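Please keep the sequence and the structure in view while reading.

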Amino acid sequence: MTTGARYSRELRFVATESSGEVTALIDAAPDPWAMLVLAHGAGAGMRHRFMEALTDRLVGRGLSVFRYNFPYMEQGRKRPDHAPKLLKTVRSAVSAARDEARGLPLLAGGKSMGGRMTSQVAAAGDIGEVRGLVFFGFPLHAPGKPGTERAAHLADVGQAMLLLQGPRDSLARLELITEVVEPLRPRATLHVVEGADHGFHVLKRSGRTDEEVLDELAESTARWARVLVT
């Protein structure tokens, strides 16, 4: 990857044989020290304002970011693809990012569903030389249906993991996500973003702003990743 100048570039790669190509965006840091392969959540694509704002902050801290769409989002459909297609897309995205990274250490993860799909690929041992996984709001359970079954496969993940979670997350009760992480330490790290919900929004009465939360997400990710790749 070229160094010395910050830039953004759009490209396409084959997600699966049946669905064809999807769009990806590379946001390159001026002098990058790693690349994060970042998958979007179920309800919004790679250009969602959260993905844009988070990417901007990560790039500002030296992390290049490879964002991509899942096939259903690329095709303008609201309902996510079935898991096998999502998982194949994650594998294809990591492969495409590897070619673009040109030797940079790779990290992978995503927002909500995107992170969960990435973790399943990692648990199956199909994520190549990715050094670590980052989950921005791991979707532990459906709203109002607390449980930890969705995280059972994390025990099979060989990479280091960073879980960034808000205590008001309706898809991951804090006591349950803590219960999941404890037996996985030190391979897994839980960072609690005070006051945040699943979308990392905070209430005005918290005294914090969404922009401050985004800064915290990016700074915590960069600090954790620096230690991992050096």
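A charge sits over a ring if NZ of Lys or CZ of Arg is within 6 Å of the ring centre and within 35 degrees of the ring normal. The charged end of Lys 111 meets this rule, as it sits over the ring of Phe 50, 5.9 Å from its centre.

The model is predicted: local features need pLDDT of at least 70, side-chain atom pairs count only at pLDDT 80 or more, and totals for chains, interfaces and linings use all residues. Residues are numbered from 1 along each chain as its sequence is written, and side-chain values use heavy atoms, with hydrogens and water left out.

**The sheet**

- An open sheet is formed by 8 strands in the order S1-S2-S4-S3-S5-S6-S7-S8, with mixed pairing. Helices (H or I, at least four residues) and strands (E, at least two) are DSSP runs, numbered from the N terminus; two strands pair if DSSP finds at least two bridges between them.
- Strand S1 (7–16) and strand S8 (188–192) each have a single partner strand, so one side of each is left without a neighbour in the sheet.
- Strands of a sheet pair through backbone hydrogen bonds, either parallel or antiparallel.
- Strand S3 (residues 34–39) and strand S4 (residues 63–68) run parallel and are joined by 6 bridges. Val 37 has Phe 66 in S4 as its bridge partner.

**Helices on the sheet**

- Helix H1 (residues 49–59) lies across strand S2 (20–28), S3, S4, strand S5 (106–111) and strand S6 (132–136), and runs at about 155° to S4. Axes are lines fitted to C-alpha atoms, for helices over the stretch in contact (heavy atoms within 4.5 Å), and angles run from 0 to 180 degrees between N-to-C directions.
- Helix H6 (residues 210–229) packs on the sheet and touches S4, S5, S6, strand S7 (160–165) and S8. The direction of H6 makes about 170° with that of S7.

**Aromatic rings**

- The structure holds 6 aromatic pairs. Rings of Phe, Tyr and Trp (its six-membered ring) pair if their centres lie within 6.5 Å; planes under 30 degrees apart count as stacked, over 60 as edge-to-face and the rest as tilted.
- Phe 66 and Tyr 68 form a tilted pair, because their ring centres are 6.4 Å apart and their planes stand at 50°.
- Phe 135 and Phe 138 form an edge-to-face pair, because their ring centres are 5.4 Å apart and their planes stand at 70°.
- One aromatic cluster is formed by Phe 13, Phe 66, Tyr 68 and Phe 70.

**Buried residues and cores**

- Buried means under 20% relative accessible area, exposed over 50%, and partly exposed in between (1.4 Å probe, protein chains only). Phe 66 is buried at 0%, and Tyr 68 is buried at 1%.
- Thr 89, in helix H3 (residues 83–101), is buried at 0% relative accessibility. Its contacts include Phe 13, Tyr 68 and Phe 70.
- Helix H4 (residues 113–123) is mostly covered, with 8 of its 11 residues buried.
- A nonpolar core is a set of buried Ala, Val, Leu, Ile, Met, Phe, Trp, Tyr and Cys residues joined through side-chain atoms within 4.5 Å. The largest has 48 residues, and Val 37, Phe 66, Tyr 68 and Met 161 are among those with the most contacts inside it.
- Helix H3 gives the largest share of this core, 8 residues.
- A second, separate core of 31 residues includes Leu 58, Leu 164, Val 193 and Ala 222.

Terms used. Lists of a residue's contacts leave out its neighbours within four places in sequence.
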